[in-house]
Amino acid sequence: MSFKRKDLLGLGSLSPEEMALILEAAEPFKEVSGREIKKVPALRGKTVVNLFFEPSTRTRTSFELAAKRLSADVVNFSPSSSSVVKGETLLDTARNIEFMQADILVLRHSSAGAAEILAKNSRMSVINAGDGWHEHPTQALSDLLTIQEKKGQVRGLHVAIVGDVAHSRVARSNIHALTKMGAHVRVVGPPTMMPLFLHRLGVQVYHDFDKAIAGVDVVIMLRLQLERQGRSLFPSIREYARLYGLTFERVQRAAKDVLVMHPGPVNRGVEIAHDVVDGGSAVILDQVANGVAVRMGLMYLLSQRN
Amino acid sequence: MKVLIAGGRVVDPGHWNGVADVLIEGGKISAVEPNLQEKFQKVKALKMIDAKGLLVCPGFVDLHVHFREPGFEYKETIATGSAAAVAGGFTSVCCMPNTQPVNDSRSITEFILAQAAAARKARVFPIGAITKGSKGEELAEIGELVDAGCVAVSDDGVPVMNSLVMRRAMEYASAFHLPVIDHCEDSMLSRGGSMHEGAVSTELGIPGIPKAAEEVMVARNIALAELTGARLHLPHVSTVGSVRMVREAKARGIPVTAEACPHHFSLTDEAVRSYDANAKMNPPLRTDEDVQAIRGGLRDNTIDIVATDHAPHAVQEKQLEFDAAPFGIIGLETAFPLTLNLVEEGILSLAQAIDKLTREPAQVFGLPYGTLVPGVAADVTLIDPNATWVVDTARLHSLSRNTPFAGWTMKGKVVKTFVGGNVVYDRDEQ
């Protein structure tokens with residue numbers, strides 16, 4: 001089987017086989033990043049444009065490193081604001097980039113569906129690097145690779161996703177990825193952070209973290225957007241940390257060999273305690289390392305099309 | 001000059017439902033009877049229109065359109081909007097005041113009426129603002145607006161959030177027997193939302209607008225109508241709960257009327273899946289449960305009328321990211337076939353469907369149209385109920401193209417539209 005898609009817009013529309021294919025493609029590139037000369041010629045002569053409408057350091061850097069290690073030419077384009085403010089539409093911005101003969105466009109945008117709208121109207125391969133609250137597929141694929149490496153397989157694992165699911169693209173992509181690969185997913189948080197009909201995505205919804213964490217094999221903590229305080233989603237950071245923060249005590253309630261994950265950046269002492277971030281269960285930095293490999297594998301597959 | 005529309009099936013709600021001839025004299029309906037044709041065979045100065053196989057109805061009346069002039073002429077002008085109206089069989093339309101400037105004064109009302117007269121297509125009735133600048137603070141000069149020709153008041157698009165202001169508006173308007181329309185939306189509950197809040201919005205990650213945002217305000221407005229006795233008209237009802245509350249209010253004798261838009265009884269939030277902003281409007285497309293409730297409400301007359309909420313926006317605006325694109329779709333040229341679908345599906349009788357496009361809306365705003373009773377202005381729409389056509393946005397008369405029904409095959413086509421006895425739309429001349 002080969003990867004037939006022009007774009008990667010989300011995991012909601014991907015089959016388990018397609019996800020497995022991307023993870024397989026990522027595997028050999030892990031070794032490349034470990035070499036002294038971290039470069040292969042797979043994308044030589046290709047142009048990758050990182051179009052980021054939202055500030056992002058780690059995702060953009062990860063994509064940039066991935067493209068460079070594949071020998072692509074990379075341009076970072078970070079318009080300071082979205083089309084409404086700027087006056088040029090997203091489509092016009094993208095068309096300009098297309099006519100500079102870019103091959104792959106990596107898009108980060110605050111609007112759900114931005115990558116899909118763009119992909120439909122462009123010959124370039126579009127990779128969704130996060131669209132609003134919708135999806136962040138490469139993050140979830142990195143998480144999948146990390147779990148697969150550490151646990152052997154994803155099928156049958158119990159995974160808890162904890163935090164502001166309503167406003168999290170990472171959560172949505174992870175829910176699709178994990179449920180499609182056969183994991184049992186529970187989501188945990190206050191009802192204010194659980195979107196309506198969440199259970200229809202095939203997950204169990206919990207509001208009590210202590211109950212939800214019992215016996216799980218993987219805990220994925222979501223970053224608390226501190227600026228959301230004052231919008232009545234949670235009363236205070238103090239109370240949020242007490243009810244939904246991952247403390248060392250809570251980790252003890254999970255399975256013995258639990259994996260603690262976080263997409264970063266981490267708010268130490270808020271959603272995750274200092275000693276848990278640095279503890280033996282945390283695989284947060286493995287996620288980061290795998291992120292580069294997954295993005296290399298994905299760009300390789302997309303460039304092999306035709 | 002006499003005109004005889006001969007041999008069609010006349011549906012004049014409450015008056016006639018069957019084959020008959022319609023005689024127009026001096027711009028007015030002169031007679032509706034079978035076999036008029038024989039009587040007039042020898043009259044020379046008579047234009048005969050063969051309507052065999054066609055429906056002959058009063059011209060449609062739309063209580064809810066946005067014609068964008070003054071201020072947003074790149075979206076629609078009164079002339080292009082009126083052309084779209086008559087192409088869709090509408091001979092009277094009521095235009096919302098959210099222009100730039102807002103229609104909160106005699107001068108804007110008179111300007112709209114003058115533009116409409118110059119366009120010589122549909123009758124255009126301005127709706128005045130409830131509050132100055134539609135800011136929701138101080139009452140507009142409603143007395144003067146009525147005097148200038150406004151047929152209702154509304155701050156459409158901007159809900160009147162302050163309940164005391166709404167109470168005063170209802171009280172004040174009742175002195176003029178003027179209907180008060182409120183776009184029912186609690187703007188705190190809906191803040192940031194772009195589509196119905198439900199299973200689909202959860203999956204798509206698009207900020208949602210809960211049903212409660214509408215229902216809270218429907219409940220408030222019904223309570224205020226009960227308090228003040230004012231004539232309340234609820235536009236674009238979109239939820240099960242709203243239908244239920246209107247039904248209950250009517251049973252208790254509260255003077256409330258309600259409208260439904262064709263898109264709210266034809267589509268669900270599934271239409272948003274492709275992130276096409278042509279499926280974005282406010283209130284948003286809801287779920288199948290709501291669609292069924294609206295259909296049920298139309299059937300038992302809880303919902304009195306069909307209105308389009310015709311809301312033109314330019315192509316470049318609807319090409320934006322879903323959350324950045326403006327709310328609203330055009331509807332004048334697709335409203336009739338979408339309503340006819342309800343007849344095909346056995347939800348409404350043909351007479352009931354026509355009633356909700358003609359006599360009922362005219363009565364809601366007290367307009368002397370929507371009927372073929374002898375003596376009224378000859379606003380008549382001829383329809384081929386069996387003609388099928390495909391919605392081609394390039395061939396619409398509206399200046400804008402924002403419809404989720406592009407590419408749909410529609411059944412039922414307007415053939416000719418008369419306003420005051422004059423043909424203002426003729427399919428064969430297109």
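I will walk through how chains A and B meet in this model, and then through one sheet of chain B.

This is a predicted model, in which local features need pLDDT of at least 70 and side-chain atom pairs count only at pLDDT 80 or more, while totals for chains, interfaces and linings use all residues. Residues are numbered from 1 along each chain as its sequence is written, with chains lettered from A and ligands numbered from 1 in the order in which they are written.

On confidence, the model scores ipTM 0.93 and pTM 0.95, and chain B has a mean pLDDT of 97, pLDDT being the predictor's confidence in each residue, from 0 to 100.

Where the chains meet, 26 residues of chain A are in contact with 16 residues of chain B, contact meaning that C-beta atoms, placed from the backbone, lie within 7 Å. Of the side of chain A that touches chain B, the largest share, three residues, comes from H5(A); helices here (H or I, at least four residues) and strands (E, at least two) are DSSP runs, numbered from the N terminus.

Turning to chain B, three strands form an open sheet in the order E6-E7-E8, with parallel pairing, where two strands pair if DSSP finds at least two bridges between them. Strand E7 (residues 90-95) of chain B pairs with E8(B) over four bridges, and B:Cys94 stands opposite B:Phe125 in E8(B).

Finally, helix H3 (residues 106-119) of chain B lies across E7 and E8 of chain B, running at about 175° to E8(B); axes are lines fitted to C-alpha atoms, for helices over the stretch in contact, and angles run from 0 to 180 degrees between N-to-C directions.

Key
Contact = placed C-beta atoms within 7 Å.
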